Amino acid sequence: MSRHGRVECADEEMPGGGGARAAAYDVFINHRGVDTKHNVARLLYDRLLQLSGGRVRSFLDNKSMRPGDRLGASIDEGIRQCKVAVAIFSKRYFDSDYCLHELASIVEARKVIVPIFYGIKPSELILPQAVVDCDAYTPRDIERFRLALREAKYTVGLACDPATGDLAELVNTAADAVMERIRETERLPRSQMIASRL
């Protein structure tokens, strides 16, 4: 569901070359920039690039958009194209309109989600009353946010306490989990194709 127009990526060079049109992004990283842009999100982005030899492309807002890109349309397109989404929950996650809308769109698109709880527990994934009471959101928005948070809350994820946790271990474990999920999604269509021929 796009709040803005779509961004066409046909002219974009796809990783690995070749003439076939492929998804521009394999992974969408949903995060609260003020909490995680310069640590977990950026390190995960770099680790996925390194692990895949540049074949896996991740959407990270400050790395994937250029001046002049429409923010909402670029985000919607990144979610639409991705195979796997990483939702990095942090203390100020709920302060971001974009975080909540992105998460709802990811859940509605039935993307595989790998949650990371960075300084927050899954039990804390409750929509704050201040968001519920905010006039900027419709009742439909509030319901979308609640459903998305409930889905993430009951999805197995990774946790890290920023004060005492091992950030390198978190990023490596998360990257490994994402790569495995990507491999699983790539195997699925082939097995479905084989079954349909029988």
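**Entry 1: the model**
I am working with a predicted model.

**Entry 2: α4 and α5**
Two packed helices are described by the angle between their axes and the distance between the axes. I looked up both for α4, which covers residues 71–81, and α5, which covers residues 97–108. Their axes come within 10 Å and cross at roughly 35 degrees. I also checked the hand of the crossing, and α4 passes α5 in a right-handed one.

Which residues meet here? From α4 I noted Leu71, Ile75 and Ile79. From α5 I noted Tyr98, Glu102, Ser105 and Ile106. I sorted the residues of this contact into 5 nonpolar, 1 polar and 1 charged.

**Entry 3: the second largest pocket**
Rolling a probe the size of a water molecule over the atoms shows where empty space is left. I went to the second largest pocket and found about 160 Å³ of space in it. The lining has 15 residues, and the closest to the pocket's centre are His31, Asp61, Ser96, Tyr98 and Glu102.

Strand β1 spans 27–31, and the elements that give two or more residues are β1, α4 and α5. By type, the lining divides into 7 nonpolar, 4 polar and 4 charged residues.

**Entry 4: aromatic pairs**
How many aromatic pairs are there in the whole structure? My search turned up 6. I looked into the pair of tyrosine 25 and phenylalanine 59: the ring centres are 5.3 Å apart and the planes stand at 80 degrees, so I logged it as edge-to-face. This pair links distant parts of the chain, 34 residues apart. Tyrosine 25 sits in the segment before β1, while phenylalanine 59 belongs to strand β2, residues 58–59.

Terms used: Residues numbered from 1 in each chain as written. Predicted model: local features only at pLDDT ≥ 70, side-chain atom pairs only at ≥ 80, totals over all residues. Heavy atoms only, no water. Axes fitted to C-alpha atoms, helices over the stretch in contact; angles between N-to-C directions. Helix = DSSP H or I, 4+ residues; strand = E, 2+ residues; numbered from the N terminus. Left-handed = near helix turned anticlockwise from the far one by under 90°. Contact = heavy atoms within 4.5 Å. Nonpolar A, V, L, I, M, F, W, Y, C, P; charged D, E, K, R; others polar. 1 Å grid on protein atoms, 1.4 Å probe; cavity = no way out; pocket = protein on both sides within 12 Å on 5 of 7 lines; lining within 4 Å. Points joined across faces, edges and corners; volume = space filled by probe spheres on them. Phe/Tyr/Trp six-rings, centres within 6.5 Å; stacked < 30°, edge-to-face > 60°.
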